[in-house]
Amino acid sequence: MAKLLRGDFIRLFKSKIFWLGVIFMFGFAAAAVFTKWNDSRLDPDYYNPPDGILLAGALYMGIVIAVFIGIFIGTDYSNGTIRNKHIMGHSRTKMYLSNLAVCITASVIMHIVYIAVIVGAASFGITRKFEMSIGSVAAQTLTSVFSLAAISAILLFVSMLIPSRSAGAVFAIILSILLILTASGIDSALREKEYKTSGYSIVAAEDGSLVTIPQDKDPVKNPKYVTGTKRKALEFLNDALPVNQICQLVYGKPTETSEISEESNINTFLPLYSLALTAVITAAGILTFRKKDLK
């Protein structure tokens with residue numbers, strides 16, 4: 001296993017697609033920092049901390065990971081490397097686990113590069129300081145790492161079953177986009193208010209300021225508000241799916257106010273869902289890969 005891991009990690013750090021992913025995440029973080037810096041320059045009286053962009057890159061990193069994993073694993077198939085490893089006596093379980101370790105490591109490195117740029121910019125005064133504590137920054141970062149590990153496990157499962165570099169990358173990207181769209185849909189559904197008003201009127205107060213007043217005296221039930229069993233199911237999926245976990249870290253839990261005091265509650269249990277999902281997907285992947293015909 002050690003020899004297998006050593007060879008796979010050597011190939012990882014020689015991989016151009018991996019380093020392109022690292023450079024892309026660095027550039028993405030730099031663009032986010034520039035936006036924050038420019039906003040503060042244009043409106044110096046408005047305190048604009050970088051809390052909201054700390055994990056913003058992780059929301060879309062699934063696509064970057066999908067490209068990397070699809071091509072990295074697909075190359076193994078197209079070059080006959082996977083078949084040769086099997087001929088040399090490496091078990092399919094060890095081959096799968098080695099690829100999982102490499103893919104998770106690559107994903108975490110890209111993620112840490114993004115976060116390092118954001119934290120570094122705040123530390124050197126390029127952006128404003130974080131409002132949340134150092135402990136909260138570390139806890140959110142650690143939680144997001146578990147989420148990305150689960151995303152990597154899901155994308156590896158797909159890529160290991162498709163013996164084509166191009167097809168594997170395409171399917172992984174499509175799956176990644178579906179995970180993002182699913183997360184967005186669930187998050188939006190859970191953020192719907194139970195009651196709504198049909199409109200607002202703007203009136204002038206005695207001090208000359210404008211005040212917004214709801215036109216309805218009584219609140220109106222929102223037909224889009226989800227209740228009962230369906231809401232419980234959506235809340236479970238919102239905690240269990242890795243992209244949804246990252247949404248919670250970035251935007252706050254949709255069923256509660258996203259106060260900093262709630263961060264510890266969120267960070268405590270989300271990694272457990274990620275670990276469980278990673279274990280289940282990996283077990284399914286190994287069982288399926290064992291039956292696959294390595295041509």
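A nonpolar core, as the term is used here, is a set of buried Ala, Val, Leu, Ile, Met, Phe, Trp, Tyr and Cys residues joined through side-chain atoms within 4.5 Å. Keep that in mind as we walk through this structure, which is a predicted model.

Let's begin with the overall layout. The chain has 10 helices and 4 strands, and along the sequence they follow the pattern α-α-α-α-α-α-α-β-β-β-β-α-α-α. Of its 295 residues, 45% count as buried. If you take the contacts between residues at least 6 apart in sequence, 78% of them join residues at least 24 apart.

Now for the interior. In soluble globular proteins, nonpolar side chains tend to be buried together. The largest nonpolar core in this model has 59 residues, and the members that touch the most others are Phe68, Tyr114 and Ile118. Several helices each supply at least two residues of this core, among them helix 1 (2–13), helix 2 (16–42), helix 3 (56–78) and helix 10 (263–290). The helix that gives the most is helix 5, with 13 residues.

Setting aside residues up to four places away in sequence, Tyr114 touches Met25, Phe28, Ala29, Ala32, Ile53, Leu54, Ala56 and Gly57.

Is Ala106 buried or exposed? Its relative accessibility is 0%, so Ala106 counts as buried. Apart from neighbours within four places in sequence, Ala106 is in contact with Leu12, Phe18 and Phe68. The C-alpha atoms of Ala106 and Ala149 are separated by 9.9 Å, although these residues are 43 apart along the chain.

Finally, turn to a pair of helices. Two packed helices are described by the angle between their axes and the distance between the axes. For helix 7 (residues 165–190) and helix 8 (residues 228–240), the axes come within 10 Å and cross at roughly 130°. That angle is why helix 7 is described as oblique to helix 8. The crossing of helix 7 past helix 8 is left-handed. Helix 7 makes the contact through Ile186, Ala189 and Leu190, while helix 8 brings Arg231, Leu234, Glu235, Leu237 and Asn238. Sorted by class, this contact has 5 nonpolar, 1 polar and 2 charged residues.

Note on methods
Residues numbered from 1 in each chain as written. Predicted model: local features only at pLDDT ≥ 70, side-chain atom pairs only at ≥ 80, totals over all residues. Heavy atoms only, no water. Axes fitted to C-alpha atoms, helices over the stretch in contact; angles between N-to-C directions. Parallel < 35°, antiparallel > 145°, perpendicular 65-115°, else oblique. Left-handed = near helix turned anticlockwise from the far one by under 90°. Contact = heavy atoms within 4.5 Å. Nonpolar A, V, L, I, M, F, W, Y, C, P; charged D, E, K, R; others polar. Buried < 20%, exposed > 50% of the residue type's maximum accessible area, 1.4 Å probe, protein only.
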